[in-house]
Amino acid sequence: MPTHRIGRVSYVNGRYVPHSDAAVHIEDRGYQFADAIYEACEVRNGSIVDLTRHLDRMDRSLRELRISEPMSRKALALVLAEVIRRNRVRYGSIYLQISRGVARRDHPFPTRPVAPSVVVVAKHGDQKKNDAMAVAGIGVITMPDLRWGRVDIKTVGLLPNVLAKQAAREANAREAWLVDDAGFVTEGGSSNAWIVTADGVLVTRPEGPDILSGITRRGVMDTAEKLGIRVELRAFTVEEASQAREAFITSASSIVMPVVTINGKSVANGHPGTLATHLREQFHGVVEARNLSTRIPI
Ligand code: PMP
């Protein structure tokens with residue numbers, strides 16, 4: 001399909017506009033204070049993977065920040081579907097951002113209620129490239145976790161993540177694992193972190209204010225359950241990860257991505273692990289089966 005000939009279209013506050021003209025006001029509180037939340041979902045075969053869970057997490061983020069819901073779930077699902085349709089995305093991602101709205105710059109919430117700003121952007125992805133990356137595996141570096149105490153809320157305040165991921169790029173790594181004061185890995189700059197123990201048990205940090213509860217993380221937990229693989233919810237150190245049988249990350253953009261080096265040192269034999277690879281293969285089947293009754297058709 002000649003996707004490159006179709007101009008990109010994004011959604012801004014009720015309008016579908018050419019991507020190059022898509023803009024919010026300079027006094028949008030998302031721009032001024034990072035007073036905004038977002039979701040990023042995988043698009044596969046033209047539909048959104050695990051939409052219900054993404055919208056549930058979005059609702060929670062909005063509630064935690066006391067930003068009002070801009071529209072009904074049904075209307076929002078239609079907007080997401082329409083942006084995907086107008087951009088002819090079969091494989092890629094859909095990004096949704098909701099800010100508290102536009103108001104004269106002042107830290108407390110606007111006294112007169114303002115409408116939240118809603119932005120939706122679709123992106124084409126390269127499935128072959130991502131699958132090739134999973135076959136090769138990726139490198140991660142570790143960095144101190146400098147973020148605030150409520151990273152369970154999916155806000156656009158991502159400066160520590162930006163700096164950590166830039167450091168990863170400069171070290172020829174794909175991800176930065178963030179490490180708390182006690183030496184335990186919290187999560188990646190834009191992913192959740194996992195290891196596999198010598199006994200073949202999956203280990204990932206439990207939900208809490210110090211990690212984002214990844215939708216892919218939960219899908220991988222469902223997949224593990226289906227395959228009879230044990231999951232232990234506990235924190236692990238960089239040292240334990242370096243000695244682990246396997247390591248991997250999960251996110252909507254990478255699904256399950258094997259980690260083959262940590263700070264330049266090989267994990268196990270330096271090749272993607274069998275469990276990570278198996279989970280990657282089985283993931284969508286499990287998620288799709290679970291969503292059959294609840295998926296909003298798009
Ligand atoms: N942690 C952080 C900090 C992230 O930015 C992301 C990706 N949005 C994740 C974890 C993974 O979440 P999900 O599986 O919902 O993409």
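1. Glu64 counts as partly exposed because its relative accessibility is 37% (buried means under 20% relative accessible area, exposed over 50%, partly exposed in between, with a 1.4 Å probe and protein chains only). Arg150, at 28%, is also partly exposed. Arg150 and Glu64 form a salt bridge, with the closest N and O atoms 3.1 Å apart (a side-chain nitrogen of Lys or Arg within 4 Å of a carboxyl oxygen of Asp or Glu).

2. The model is predicted: local features need pLDDT of at least 70 and side-chain atom pairs count only at pLDDT 80 or more, whereas totals for chains, interfaces and linings use all residues. Residues are numbered from 1 along each chain as its sequence is written, and side-chain values use heavy atoms, leaving out hydrogens and water.

3. Glu39 forms a salt bridge with Arg57, the closest N and O atoms being 2.7 Å apart. Glu39 lies in strand 3 and Arg57 in helix 2, so the pair ties together parts 18 residues apart in sequence (helices, H or I of at least four residues, and strands, E of at least two, are DSSP runs numbered from the N terminus). Both residues are buried.

4. The largest nonpolar core has 26 residues, of which Met58, Leu80, Ile94, Leu96, Ile98 and Val120 touch the most other members (such a core is a set of buried Ala, Val, Leu, Ile, Met, Phe, Trp, Tyr and Cys residues joined through side-chain atoms within 4.5 Å). Helix 3 gives the most to this core, with six residues.

5. In total, 23 salt bridges are found in the whole structure. Asp50, Arg53, Asp222 and Arg290 are linked in a network of them.
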